[in-house]
Amino acid sequence: MFASLAYAFPILRPLQEEIRRRGGEAAWFLEEGCPDLLEAGERRLRTVDEVLTYDPVAVFSPARYVPDFFPGVKVWVCHGYANRKRFEAVDDHFTIRGWFDIICSQGPSSTPTFRALERRHGHFRTYETGWPKADLYFAPDMQRLPRNERPVILYSSTFTRGLTSAPLLAREIERLVAVRDWEWIFMFHPMLDPAVSALYERIAAKYDNARYVGNTFDLEPMRRADAMLCDSSSIILEFMFLDKPVVTFRNSHPGPYLLDVREVAEVEGALEGALKRPEALMEEVRAYTLYHEPHRDGLCSARVLDAVDDFLAQGHVGLKSKPLNWVRKWKMRRKMRYYPLWERIKNRGK
């Protein structure tokens, strides 16, 4: 399990659970800078040498890269879905850089494109598995709508400058916290500007009906909330998996599955509308989530492992060699201070 940021843990843990259910063993390598969120009983490999000794059958990475010098089949399990949040012409979700043997696609929004890229590049295989983290969202307990004494609003924001609503909405959100009988939960991406996060920490400290859960990817606030306020963060789709409405502020790609507003003064009314769960909106939400993730049987992680088994059975027959990527490979080695040739030279004659 190759983790580079905190978001990797809830994506990879369902895979770890399925590996253990099958009688296998999993271990984690945390890239430098990744917070250590490992739990009791989870094994950590701290050095490249430990990874080489462990000799994994496969390496699973939600990031867009993976150390090429780690043993095993390199598997990209995606860090989210192909729903553009920026204004780019082509979704960078589909950028191919030659790191992986397997790409695990999720459904109609991703599989056709990845299979076309597989035919074009020829050095990886695409398997439609669904997203491992989706196994958590479609578990029966997560799918039960909450019964809150008062409406609960989850506010989250993208960290991307130019798209984040957090600085623009802080004053209005504090006003709503003060005047409306709503409960608020603030949950942000770990890469959001700390100065902006601090604004919401202060609001939460000032009011009893606001709670700041920090830079986490905890599912409990997602389960508890009745509606979400957001902007263009990828967390929107995950929240919709729970059959809940989302209000967005200046979303970069608004659609009928969102209640998108362009002005601060419109936020309150949009939240009131979302809490009524209008059927037309909820039907759009359901169609949109099915387009991205049709696999709701809790077996996405199982399909990922089956894909690895199939790849191992086929081997590299019919696949081209991966691109050399000398510059990226050198940067990866320098980042991890892995210089095997230099070590051999140093140790020659010892």
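## The exposed side of helix 7

In this predicted model, P194, A195, R202, A205 and K206 of helix 7 are exposed, and they lie on the other side of the helix from the buried residues V196, S197, Y200, I203 and A204. Seen down the axis of helix 7, the buried residues fall within an arc of 115 degrees, so they line one face of the helix. An α-helix has 3.6 residues a turn, so residues three or four places apart point the same way.

## Packing and geometry of helix 7

Helix 7 itself runs over residues 194-206, with 13 residues in total, and from its first C-alpha to its last it reaches 18 Å, which is close to the 18 Å expected at 1.5 Å a residue. At the start of helix 7, the backbone nitrogen of A195 has a side-chain oxygen of D193 within 2.9 Å.

Elsewhere in the chain, T111 belongs to helix 3, which covers residues 111-121. T111 has a relative accessible area of 4%, and because buried means under 20% relative accessible area, T111 is counted as buried.

When its neighbours within four places in sequence are left aside, T111 is in contact with S105, Q106 and E128. As for G130, T111 is 19 residues away from it in sequence, while the two are 9.8 Å apart in space, taken from C-alpha to C-alpha.

Methods:
Residues numbered from 1 in each chain as written. Predicted model: local features only at pLDDT ≥ 70, side-chain atom pairs only at ≥ 80, totals over all residues. Heavy atoms only, no water. Helix = DSSP H or I, 4+ residues; strand = E, 2+ residues; numbered from the N terminus. Expected span 1.5 Å × (residues − 1). Buried < 20%, exposed > 50% of the residue type's maximum accessible area, 1.4 Å probe, protein only. Arc of directions from axis to C-beta. Polar contact = N/O pair within 3.5 Å; in protein donor to acceptor, adjacent residues only side chain to side chain. Contact = heavy atoms within 4.5 Å.
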